[in-house]
Amino acid sequence: MRSRYRIKSAHRRKRRLVHRNVGRKIASVGSSLLSSKIAKKWQLTAGELMELNGTSVGNRVETYPDGSDAFKSMWAAIRTAKENVWMETFLLNPDPVGLKMIYELTQAAKRGCNVVVIYDKFGSLSVREKHVSKLIQAGAAVLPYNSFNKIRLQNLAKWPIQRNHRKLLIIDDTMAFCGGMNMHGDHAGRDVGGNARFRDTHAKVTGPAVNDLAKVFIHSLQVTDPDGWKGKIKINEKHQHIRPIKNGVFVQVLESDAKRNKRNIQKALLISLRNATSHCYLTSPYFLPPLKLRREIMNAAARGVDVRLLTQGLCRTPIISQASQHIYGLFLRNGVKVYQMFDKELHAKTATIDGVYASIGTYNFDNLSFKHMLEVNFTVIDPKTALELEDHFKNDLAYSEELNIEIWEKRSYWKRFIHGCAYFMSQIFLR
């Protein structure tokens with residue numbers, strides 16, 4: 001009984017701390033930018049989100065809309081590591097950017113750091129033993145997720161879609177990186193060996209949220225190597241007690257893992273959309289949201305919220321792009337503004353609501369992310385971070401085209417047929 005009382009008491013104290021932190025951060029931007037109604041709403045919403053766990057205050061967040069800046073920061077961070085460097089990625093490519101990352105990880109392992117690398121086997125088909133042999137020889141653990149030789153016959157059909165889509169880099173107990181960027185030249189600028197193909201967003205987090213992101217990595221390690229994971233990782237007890245940063249912000253780390261029936265990213269999206277008051281800017285390259293998410297997006301627009309969706313016009317997976325075209329009309333008729341980026345291939349997965357709430361991570365608005373992939377997002381209740389993402393969004397609109405209902409309804413019968421077939425196939429194969 002006493003133990004249960006202490007847990008409840010600690011939870012109440014944390015709720016009060018979060019409530020005060022969110023209130024101060026919102027108040028710091030001044031009443032000219034945010035109404036008292038919005039401020040009060042998001043203080044209450046923070047309490048609702050806390051039920052999903054993974055929350056902390058006293059964090060600092062730095063966003064990277066540019067791949068070159070993100071990779072330079074990640075490589076510099078690895079060079080400072082003293083204990084642990086844990087990296088998780090969907091795509092590790094043996095191009096100049098990917099090989100540079102492998103080199104930095106190898107140097108960290110040679111210094112005695114506990115280096116653990118998890119990469120998705122299907123996403124990283126180009127990786128061969130020769131590419132990671134020096135990293136392994138230096139003492140690092142390099143683990144492919146869901147490799148073909150571990151698949152049971154009954155799961156063979158779903159092997160290509162049951163993937164690890166997370167992108168994480170954990171440095172000691174000091175900092176973590178999370179977002180949409182793979183270890184691939186497509187995500188980086190030419191000045192660091194990339195080709196700047198994608199428009200993407202990544203972020204660095206310092207503070208207690210590093211511990212929550214580390215927990216997500218450990219969960220990934222457990223499912224990647226259920227029998228041997230404990231021997232591959234060194235967990236420092238001080239990771240459990242990272243000191244909050246003065247004047248830091250509220251961060252919530254969320255994960256999605258359908259096999260463990262853990263869908264906290266989806267739940268947080270529904271809660272935040274349900275509480276949107278002023279505006280909501282969503283960025284997702286793939287847009288085939290499940291029904292609950294569709295309803296909340298349209299309900300927000302029906303309440304008078306300015307809902308805007310940015311998705312990709314140039315798409316490397318045509319079936320998803322064509323299937324999305326089939327449902328755009330549903331959103332356009334219900335007041336949602338839809339934009340398509342054609343200047344670059346969009347890869348960012350972000351959301352910003354009411355100039356207060358921001359979300360960055362790996363989760364796409366589609367059934368692959370919803371039902372099949374390991375995903376990780378983190379959210380921030382902080383006007384500064386939210387306004388940064390709004391600026392990124394508005395800059396992206398300059399390179400995008402708005403799709404209106406008149407244009408959508410003028411599609412030829414042949415295009416309507418193709419879009420309908422693509423949608424029907426996506427519902428069958430990605431269910």
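Predicted model: local features only at pLDDT ≥ 70, side-chain atom pairs only at ≥ 80, totals over all residues.

Student: How many helices and strands are in the chain?

Tutor: The chain has 13 helices and 18 strands.

Student: And how much of the chain counts as buried?

Tutor: Of its 431 residues, 59% count as buried.

Student: What about contacts between residues at least 6 apart in sequence, what share join residues at least 24 apart?

Tutor: That share is 82%.

Student: Let's look at strand S5. Which way do its residues point?

Tutor: S5 covers residues 168-171. Leu168 and Ile170 point one way, and Leu169 and Ile171 point the other way. All of them are buried.

Student: How does S5 run against strand S2, parallel or antiparallel?

Tutor: Antiparallel, with four bridges joining S5 to S2, residues 84-89. Within that pairing, Val85 has Ile171 of S5 as its bridge partner.

Student: And how many bridges pair S5 with strand S6?

Tutor: Four again, and the sense is antiparallel. S6 spans residues 175-179. Phe177 in S6 stands opposite Leu169.

Student: What sits between the strands in the hairpin of S5 and S6?

Tutor: Three residues lie between the two strands. Asp172 in this hairpin takes a positive phi near 50°.

Student: Switching to Thr201. Where is it found?

Tutor: Thr201 is in the loop between strand S7 (198-199) and strand S8 (202-206).

Student: Is Thr201 buried or exposed?

Tutor: Buried, because its relative accessibility is 2%, and the cut-off for buried is under 20%.

Student: Which side chain makes a polar contact with that of Thr201?

Tutor: The side chain of Arg199 does, at 3.0 Å.

Student: What else is Thr201 in contact with, leaving aside neighbours within four places in sequence?

Tutor: Tyr64, Gly179, Gly180, Met181, Ala348, Thr350, Ile360 and Leu389. Thr350 also turns up in the lining of the largest cavity.

Student: Good, cavities next. How many of 30 Å³ or more are there?

Tutor: The structure holds four. The largest cavity has about 50 Å³ of space.

Student: Which residues line the largest cavity?

Tutor: Leu269, Thr283, Lys349, Thr350, Ala351, Ser359, Tyr363, Phe365 and Asn377. By class, that lining has four nonpolar, four polar and one charged residues.

Student: And how much space lies in the largest pocket?

Tutor: About 640 Å³. The pocket is lined by 29 residues, and those closest to its centre are Phe90, Tyr286, Thr317, Leu368 and Met373.

Student: Which helices each supply at least two residues of that pocket lining?

Tutor: Helix H9 (318-333), helix H10 (367-372) and helix H13 (413-429). H13 gives the most, with three residues.

Student: What is the class make-up of the pocket lining?

Tutor: It has 15 nonpolar, nine polar and five charged residues.

Student: Last topic, Pro96. Where does it lie?

Tutor: Pro96 lies in helix H4, residues 96-110.

Student: Is Pro96 buried or exposed?

Tutor: Exposed, because Pro96 has 54% relative accessibility and exposed means over 50%.

Student: How far apart are Pro96 and Val192, in sequence and in space?

Tutor: They are 96 residues apart in sequence. In space, C-alpha to C-alpha, Pro96 and Val192 are 8.2 Å apart.

Notes:
Residues numbered from 1 in each chain as written. Heavy atoms only, no water. Buried < 20%, exposed > 50% of the residue type's maximum accessible area, 1.4 Å probe, protein only. Polar contact = N/O pair within 3.5 Å; in protein donor to acceptor, adjacent residues only side chain to side chain. Contact = heavy atoms within 4.5 Å. 1 Å grid on protein atoms, 1.4 Å probe; cavity = no way out; pocket = protein on both sides within 12 Å on 5 of 7 lines; lining within 4 Å. Points joined across faces, edges and corners; volume = space filled by probe spheres on them. Nonpolar A, V, L, I, M, F, W, Y, C, P; charged D, E, K, R; others polar. Pairing = 2+ DSSP bridges.
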